[in-house]
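Colleague: I have not looked at this one before. Can you walk me through it?

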Amino acid sequence: MKQRMPLLITILLLGYAFLYGPIISLIVYSFNESRLVTVWGGFSTKWYAELMQNSQLLGAAWLSVRVAALTATIAVVLGTLAALALVRFRRFRGRGSLEVMVTAPLVMPEVIIGLSLLLLFVAMETTIGWPAGRGMTTIVIAHTTFAMAYVTVVVQSRLAHMDMSLEEAALDLGARPLKVFFTITLPIIAPALVAGWLLAFTLSLDDLVVASFVSGPGATTLPMVVYSSIRLGVSPEINALATIIVAIVSVAVLITGLLLWRQEKRKTERLP
């Protein structure tokens, strides 16, 4: 085992370098003086100041955050309901169709999802007049369509391994089913709900293909702006914005890890 340690450490370091090397390079070049992102011209923070004046990038980033937050919230609600139906009600009419509709977005190409939703929105606008045009509403609906599938899988896995005796005991003591759900079931599956929300938020924030189909001229998300700017060359302002996003995510992960560590420590201290 000791003879394999240098090899394992080398593989580990190469893996970390492969994963985090590009991110570190992006952060370093966000402080580059030169406008060319591949040529180092000295240390400078001017691109962060330029970013604060770039209304297009900031507007696209704010739109992406709003869409992602709304998408994640709706996806968690719908995904939890679908997971409850699949786990708690073993046999009911339409179960097979529900399972197919839940799993289909997981394996279906994004181009097909985006094109089909575009045709649906055009037909709905022609028939009932809603949604009027393509904007934030259509993007949220489209993102919820595939994000809900991921949330359902996460919550369904947690519900399948949940101890049903806790709910049965609460029901035997006279609690109503709705109260049992909010006081027993919901706190137990809360980690899965948080994980599903974060996963849906990330998928929505990162999506480019589906949003390109269902968005209009007045609703341009951040991935669309970044992709369109690559044709003319990546601006250092994009590096600055990406660095800010990485910093926010890193702080959130550290805070979450700290809270989980403290919670686990408290559980350990309570044990006899």
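Predicted model: local features only at pLDDT ≥ 70, side-chain atom pairs only at ≥ 80, totals over all residues.

Colleague: Fine. Which residues of helix 5 are buried?

Modeller: Ile113, Gly114, Leu117, Leu118 and Phe121 are the buried residues of helix 5. They lie on the same side of the helix because they cover an arc of only 130° around the axis.

Colleague: And what is exposed on the other side?

Modeller: Leu119, Thr126 and Thr127 are exposed there.

Colleague: What do the buried residues of helix 5 pack against?

Modeller: Their partners are helix 4 (95-107), helix 6 (136-160) and helix 9 (209-214).

Colleague: How far apart are the end C-alpha atoms of helix 5?

Modeller: They are 26 Å apart. Helix 5 has 19 residues, 110-128, which at 1.5 Å a residue should span 27 Å, so the two values agree.

Colleague: What follows helix 5?

Modeller: Glycine 129, with a positive phi near 80°.

Colleague: Now the cores. Which residues touch the most other members of the largest nonpolar core?

Modeller: Leu117, Val155 and Leu159 do, in a core of 28 residues. Two or more residues come from each of helix 3 (55-88), helix 5, helix 6, helix 8 (177-206) and helix 9. Helix 3 gives the most, nine residues.

Colleague: What does valine 155 touch?

Modeller: Leaving aside residues up to four places away in sequence, valine 155 touches Thr80, Ala83, Ile189, Ala192 and Leu193.

Colleague: Which residues are in the other core?

Modeller: That core lies apart from the largest one and has ten residues, including Tyr48, Leu57, Ala60 and Ala240.

Key. Residues numbered from 1 in each chain as written. Heavy atoms only, no water. Helix = DSSP H or I, 4+ residues; strand = E, 2+ residues; numbered from the N terminus. Expected span 1.5 Å × (residues − 1). Buried < 20%, exposed > 50% of the residue type's maximum accessible area, 1.4 Å probe, protein only. Arc of directions from axis to C-beta. Contact = heavy atoms within 4.5 Å. Core = buried A, V, L, I, M, F, W, Y, C linked by side-chain atoms within 4.5 Å.
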